[in-house]
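Please read the points below with the model open beside them.

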Amino acid sequence: MMVKKRDGRCEEYSREKLLEGIQKACQKRPVSQEAVEDLADRIGEDLANTFEREIPSPEIGMRVMQGLRALDGVAYVRYASVYRRFEEAAEFVNEVKKLEKKNDTLTARLPGL
């Protein structure tokens, strides 16, 4: 399978590249290597079942963000900040606020939220 990048280029799909991005987001977080590998496998299988030859790169990014959001909120925000190319601190804060849930004591302790 090929991945169509934002700038129009195409490159071969790489599980290793996907895994590396997930690992960077989860660095120094309480996420096991097994969970990271499992997420990469699930995303790869989903892409293979959804696309025949060409995968738009935003499809990969969205799946990674969905998986990380369920796995670890900090890893999710890390990945989202790079993927969505945050340029303002307000964008980062808004993404963190999206993670808030009723009775979420962790988010309530974050300064400025």
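**Notes on the model**

1. Ala48 is partly exposed, at a relative accessible area of 43% (buried means under 20%, exposed over 50%, partly exposed in between, with a 1.4 Å probe and protein chains only). Ala48 sits in helix α2, residues 33-50 (helices are DSSP runs of H or I of at least four residues, strands are runs of E of at least two, both numbered from the N terminus). Met1 is 47 residues away from Ala48 in sequence, but their C-alpha atoms are 7.9 Å apart.

2. This is a predicted model, in which local features need pLDDT of at least 70 and side-chain atom pairs count only at pLDDT 80 or more, while totals for chains, interfaces and linings use all residues. Residues are numbered from 1 along each chain as its sequence is written, and side-chain values use heavy atoms, without hydrogens and water.

3. In α1, the buried residues are Leu18, Leu19, Ile22, Ala25 and Cys26. Viewed down the helix axis they fall within an arc of 125°, so they line one face of α1 (the arc is that of the directions from the helix axis to the C-beta atoms). Glu16 and Lys24, on the other side of α1, are exposed. Just after α1, Lys28 has a positive phi of about 60°.

4. Which residues lie nearest the centre of the largest pocket? They are Lys5, Lys17, Gly21, Tyr79 and Tyr83, among 25 lining residues (on a 1 Å grid over the protein atoms alone, a pocket is an open set of points where a 1.4 Å probe fits, with protein on both sides within 12 Å along at least five of seven lines; lining residues have an atom within 4 Å of a point). α1 gives the most to this lining, with 6 residues.
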